Amino acid sequence: MRLSLCSPAVPEPDQLSHPHLRPTAPLAERVLLPGDPGRALALAQALLAEPRMFNHHRGLWGYTGAAADGAPLTIQATGMGGPSAAIVLTELIAMGARRAIRVGTCGALDRSLGLGELVIAREAICADGTSRALGAGERAGADEALTQTLEAAAPGARAGAVVSVDLFYERGPAGAGHDALAVEMEAATVFALARAEGVPAGCLLTVSDTFDEHGGRRRIDDNELLAAAERMGAAAVAALPV
């Protein structure tokens, strides 16, 4: 059932078809996908007028409200990693999501990237298990048109390939030794699943970690991360067509 913000009531969720997301508010056709539930809340507070909680089941917080352009927007946390992202996006698409942008964090593999900078993933190297299980090959591509609008909305962002992995604390070189701008955990899954379902998907990331030549990690300050995430979210909303 397709719903809008003006829907008088939300039907009881079909717990057999959608056991992980149990809507308590309407779902918008366009969705932002942060991994962190706390970031979903922060983005909802920054980007939505009168946000309503869309989902709280399993701690996967989601919110729906009107964005700055006046159109409905849902911000739904996916949790960490490809398996969780695949569950959430599958159920969102089944419920009516038609456009999605992952808005998350990444570790910089390119030494010229600094903490708080934005990265647009044009494609993801599939060094994870979930995207491969979904039928992806070596790489999974973002939707080209949506990526172009992201590049226009965030002109200062670096655009290129990222690598998606399964382990946050890797046992070898960061990014499994791949040549990419950054390493993260969900983009390949989002791209592979969205393409299989015929739904445009893109990815905009904030650099939250950098690595020195010995693999030592430097983490962004929480306040700087919040400010960068709000910039990221605003750009992603501007890129999502109504």
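Let's start with helices H2 and H5, whose crossing is right-handed. We are looking at a predicted model, by the way. H2 covers residues 82–95 and H5 covers residues 187–197. Their axes come within 9 Å and cross at roughly 30 degrees.

Which residues of H2 and H5 make the contact? On the H2 side they are Gly 82, Ala 85, Ala 86, Leu 89, Thr 90 and Ile 93. H5 answers with Thr 189, Val 190, Leu 193, Ala 194 and Glu 197. Sorted by class, this contact has 7 nonpolar, 3 polar and 1 charged residues.

Now please find helix H6, residues 222–239. I'd like to show you two of its partners.

One partner is H4, residues 144–153. H4 and H6 pack with their axes 8 Å apart, at an angle of about 130 degrees, and that angle makes H4 oblique to H6. Their crossing is right-handed. From H4, the contact uses Leu 146, Thr 149, Leu 150 and Ala 153. What does H6 bring to this contact? Four alanines: Ala 235, Ala 236, Ala 238 and Ala 239. The contact of H4 with H6 has 7 nonpolar residues, 1 polar and no charged.

The other partner is H1, residues 37–47. The axes of H1 and H6 come within 10 Å and cross at roughly 60 degrees, and H1 passes H6 in a right-handed crossing. H1 touches H6 through Arg 39, Ala 42, Leu 43, Ala 46 and Leu 47. On the H6 side, the residues in this contact include Leu 225, Leu 226, Ala 229, Glu 230 and Met 232. By class, the contact of H1 with H6 has 10 nonpolar, 1 polar and 2 charged residues.

Where does the lining come from? Strands E5 (99–108), E9 (182–184), E10 (201–211) and E11 (217–219) each supply at least two residues. Which of these strands gives the largest share? That is E5, with 6 residues.

How does the lining divide by class? There are 13 nonpolar, 10 polar and 12 charged residues.

Notes:
Residues are numbered from 1 along each chain as its sequence is written. This is a predicted model: local features need pLDDT of at least 70, side-chain atom pairs count only at pLDDT 80 or more; totals for chains, interfaces and linings use all residues. Side-chain values use heavy atoms; hydrogens and water are left out. Ala, Val, Leu, Ile, Met, Phe, Trp, Tyr, Cys and Pro count as nonpolar, Asp, Glu, Lys and Arg as charged, and the others, Gly among them, as polar. Axes are lines fitted to C-alpha atoms, for helices over the stretch in contact, and angles run from 0 to 180 degrees between N-to-C directions. Angles under 35 degrees count as roughly parallel, over 145 as roughly antiparallel, 65 to 115 as roughly perpendicular and the rest as oblique. A crossing is left-handed if the near helix is turned anticlockwise from the far one by less than a right angle, and right-handed if clockwise. Contact means heavy atoms within 4.5 Å.
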